[in-house]
Amino acid sequence: MEGYQGHGVDPDRSQVLISDKWKLGNRLKRDLRHRAAIGAELGHLTSDGLLGRNSHKGVAGDMRNFLLSAAGHNIRKTQAHLRGPFAPAH
């Protein structure tokens, strides 16, 4: 079998949005931008904040690891903001 295999969504039960073909509302556009921004932040948390490496045990440890990674990420962002746009990165 060759060619496009489809997206696996039942057309009777769901709505598939194709941004080139549909005029998206302002709220949906805002939500998609927000989602894209969150994805980038989670990527930075995973790589820079070592979120993928968890040394704590259990669900509480997972939450603790996430909160500590997020706090470190926020501190790094604040330091970069205080340095200014033309300062050399450290």
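The structure is a predicted model, in which local features need pLDDT of at least 70, side-chain atom pairs count only at pLDDT 80 or more, and totals for chains, interfaces and linings use all residues. Residues are numbered from 1 along each chain as its sequence is written, and side-chain values use heavy atoms, with hydrogens and water left out.

The protein has 2 helices and 0 strands, where helices (H or I, at least four residues) and strands (E, at least two) are DSSP runs numbered from the N terminus. Of its 90 residues, 10% are buried; buried means under 20% relative accessible area, exposed over 50%, and partly exposed in between (1.4 Å probe, protein chains only). The accessible surface comes to about 8,300 Å², and carbon and sulfur atoms contribute 58% of that area, as given by the Shrake-Rupley method with a 1.4 Å probe, where for residues only the protein chains shown count as cover. Among contacts (heavy atoms within 4.5 Å) with a separation of 6 or more, 29% join residues 24 or more positions apart.

Turning to the packing, helix 1 (residues 26–47) meets helix 2 at an angle of about 105°, and the two axes lie 10 Å apart. Helix 1 is therefore roughly perpendicular to helix 2; angles under 35 degrees count as roughly parallel, over 145 as roughly antiparallel, 65 to 115 as roughly perpendicular and the rest as oblique. The axes are lines fitted to C-alpha atoms, for helices over the stretch in contact, and the angles run from 0 to 180 degrees between N-to-C directions. On the helix 1 side, Glu41, Leu42, His44 and Leu45 take part, and they meet Phe66, Ser69, Ala70, His73 and Lys77 of helix 2. By class, this contact has 4 nonpolar, 3 polar and 2 charged residues, with Ala, Val, Leu, Ile, Met, Phe, Trp, Tyr, Cys and Pro taken as nonpolar, Asp, Glu, Lys and Arg as charged, and the others, Gly among them, as polar.

Helix 2 itself has 26 residues and reaches 38 Å from its first C-alpha to its last, close to the 38 Å expected at 1.5 Å a residue; the expected span is 1.5 Å times one less than the number of residues. Its buried residues are Gly61, Asn65, Ser69, Ala70 and His73, and these pack against helix 1. Just after helix 2, Gly84 adopts a positive phi of about 95°.

Asn65, in helix 2 (residues 58–83), is buried at a relative accessible area of 11%. Leaving aside neighbours within four places in sequence, Asn65 is in contact with Leu51, Arg53, Asn54 and His56. His73, also placed in helix 2, is buried as well, with a relative accessible area of 10%. Not counting residues up to four places away in sequence, His73 touches Glu41, His44 and Leu45. The C-alpha atoms of His73 and Glu41 are separated by 9.0 Å, although the two residues are 32 apart along the chain. Asn74, in helix 2, counts as partly exposed at 46% relative accessibility. Between the C-alpha atoms of Asn74 and Leu45, 29 residues apart along the chain, the separation is 9.8 Å.
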